[in-house]
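Please read them with the structure open beside you.

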Amino acid sequence: MQVTHTFPQDIQTVFKTLTDPEFLKQRAIALGSAKASCESYVSDHHCQLTLVRERKINVPGVLSAFVKSVQIATTEEHWSLNGDQYECSNNTEIDGAPLSIKGSMTLTPNENGCTLSASFETKARIMFGKKNLQQYAAKTISKELELECEYTAKHLGSANP
């Protein structure tokens with residue numbers, strides 16, 4: 001699946017926000033995580049982030065045998081500058097669900113700011129109900145990415161009146 005969002009701010013401002021550990025923790029809490037922590041390592045035009053979020057989710061009845069209502073999601077992001085755009089590969093492991101998510105993001109400049117394109121795929125590690133879990137996860141992650149983009153856009157809008 002893919003999610004795209006255009007920001008009116010320049011690419012450097014958006015990149016700095018998307019790789020700010022304090023902002024990422026704040027966003028995770030604001031969007032429903034009970035706890036969040038984030039560590040970063042930055043050098044030149046590279047950034048590595050580890051974001052850990054504890055959250056309670058509403059699990060559909062059919063999936064409750066495989067998925068705990070309280071989960072800890074650990075996301076590793078690796079950002080780098082490639083030409084005039086930033087690229088990110090990411091991987092999320094979820095303690096509380098037999099599921100992993102691999103994704104990529106690209107932050108590309110345009111004449112009105114920049115565009116974030118995020119794509120991902122889910123992989124369920126169960127024999128029965130695999131397709132249902134992957135579809136549920138894909139729909140949930142897509143909505144979460146849209147909410148993260150909206151929150152980021154609102155934050156950037158208030159930071160740059």
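1. A word on terms comes before the details: contact here means heavy atoms within 4.5 Å. This is a predicted model, in which local features need pLDDT of at least 70 and side-chain atom pairs count only at pLDDT 80 or more, while totals for chains, interfaces and linings use all residues. Residues are numbered from 1 along each chain as its sequence is written, and side-chain values use heavy atoms, with hydrogens and water left out.

2. The protein chain holds three helices and seven strands, where helices (H or I, at least four residues) and strands (E, at least two) are DSSP runs numbered from the N terminus. Read from the N terminus, the order of elements is β-α-α-β-β-β-β-β-β-α. The radius of gyration of the protein chain, taken over C-alpha atoms, is 16 Å, close to the 15 Å that the globule rule (2.2 Å times the number of residues to the power 0.38) gives for 161 residues, so the chain is as compact as a globular protein of that length.

3. Of the 161 residues in the protein chain, 40% are buried, a term that means under 20% relative accessible area, with exposed set at over 50% and partly exposed in between (1.4 Å probe, protein chains only). Residues 24 or more positions apart account for 50% of the contacts with a separation of 6 or more.

4. In helix 2 (residues 21-30), the buried residues are Pro-21, Phe-23, Leu-24, Arg-27 and Ala-28. They lie on the same side of helix 2, because they cover an arc of only 160 degrees around the axis, the arc being that of the directions from the helix axis to the C-beta atoms. Just after helix 2, Gly-32 adopts a positive phi of about 115 degrees.

5. Thr-75, in strand 4 (residues 70-82), counts as buried at 8% relative accessibility. Its side chain makes polar contacts (a pair of N or O atoms within 3.5 Å; within protein, one must be able to donate a hydrogen and the other to accept it, and residues adjacent in sequence count only if both atoms are side-chain atoms). One joins the side chains of Thr-75 and Arg-53 at 3.0 Å, and another links the side chain of Thr-75 to that of Thr-92 at 2.9 Å.

6. Asn-90 belongs to strand 5 (residues 85-95) and is buried, with a relative accessible area of 15%. Leaving aside neighbours within four places in sequence, Asn-90 is in contact with residues including Thr-75, Glu-76, Ile-101 and Met-105.
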